Amino acid sequence: MSSSDNAASCRWHSYSTTAELEVAAVRAILLAAQLAISRRGEFHIVLAGGNTPRRIYESLRSADTDWSAWHVYFGDERCLPADHSERNSRMAALAWLDHVAIPREQIHPIHAETGAEAAAADYMQTLKGIEQFDLVLLGLGEDGHTASLFPHHDPGNTPDEPAALAVHDAPKPPPDRVSLSANRLGAARQVMFLVTGETKRQAVQDWRNGASIPAAAITPAGGVDIYLEAGLLSSAGKIQTC
Ligand code: 6PG
């Protein structure tokens, strides 16, 4: 079921089971790829970290698509060694990227092992020349964070903000991270939030009630699509603003 407050900002897509949500997300990702490749010959996608997208990434292994046209970026990364199991790049590689023929030079991990400042500066070079992403995938944290944009931290949504931010004292371990700014994540043709788990209920309710949680700072021209479990909407009340 889908509902939206107005055409431009938030479209809420709720599914009765996590499995249904994951199938719908895979379908939407592959449709976005097909459109981008048919129109521009390339597909530029930004990956979400955390646990929610893992099974979606695993499902993409068997996708029928032109992998040679995919360009993969990360919305954020944790300042851990490159082969650390808690790295978002490691999660995506094990679940999907190591199993498909995307040219290695078209997969762009954030080198967070070099430290937040150095990695953020390096990633801004990587993003140079990429005007708009075709699709940005994002998660939602219990406190309303997304990527590594946390409450009481600068979300990076004022015009002259750098595209990648060094993040310290993050409330979700590890404390040092790198995140694309809200502006940069919003420079996208499509933005999809993937939200599962009872722990996200308050953040969903706050978002629908117009609270300025970090996730609400992602405001692409075309609005955002939020894929969530129907159960998370039950006490969320009528959409106020987004
Ligand atoms: C990270 C993520 C973070 C994540 C949310 C949701 O590196 O931790 O980028 O923003 O998407 O915390 O995490 P789960 O999907 O594990 O609930």
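This report looks at the ligand site and at some backbone features of a predicted model.

## About the model

Residues are numbered from 1 along each chain as its sequence is written, and side-chain values use heavy atoms, with hydrogens and water left out. In this predicted model, local features need pLDDT of at least 70 and side-chain atom pairs count only at pLDDT 80 or more, while totals for chains, interfaces and linings use all residues.

## Around the ligand

The ligand is surrounded by 15 residues. The closest are T52, H145, A147, K172 and K200.

The ligand sits in the largest pocket. A pocket is an open set of points on a 1 Å grid over the protein atoms alone, with protein on both sides within 12 Å along at least five of seven lines. To sit there, a molecule needs more than half of its atoms within 2 Å of the pocket's grid points.

## Polar contacts

A polar contact is a pair of N or O atoms within 3.5 Å. In N88, an N or O atom of the side chain lies 3.0 Å from a ligand oxygen. For G49, the distance from a polar backbone atom to a ligand oxygen is 3.5 Å. On its own, the ligand has 420 Å² of accessible area, and the protein covers 92% of it. Such areas come from the Shrake-Rupley method with a 1.4 Å probe.

## Backbone features

Most residues other than glycine have a negative phi, and most peptide bonds are trans. A147 is not a glycine, yet has a positive phi of about 45 degrees. H152 is not a glycine either, and its positive phi is about 65 degrees. A147 is in the loop between β6 (135-138) and β7, and H152 is also in the loop between β6 and β7. Strands are DSSP runs (E, at least two residues), numbered from the N terminus.

Is each residue buried or exposed? A147 counts as buried because its relative accessibility is 13%. H152 counts as exposed because its value is 86%. Buried means under 20% relative accessible area, exposed over 50%, with a 1.4 Å probe and protein chains only.

The peptide bond from P173 to P174 is cis, with omega near 0 degrees. P174 lies in the loop between β7 (164-167) and β8 (177-180).

Methods:
Near = heavy atom within 4 Å. Polar contact = N/O pair within 3.5 Å; in protein donor to acceptor, adjacent residues only side chain to side chain. 1 Å grid on protein atoms, 1.4 Å probe; cavity = no way out; pocket = protein on both sides within 12 Å on 5 of 7 lines; lining within 4 Å. Helix = DSSP H or I, 4+ residues; strand = E, 2+ residues; numbered from the N terminus.
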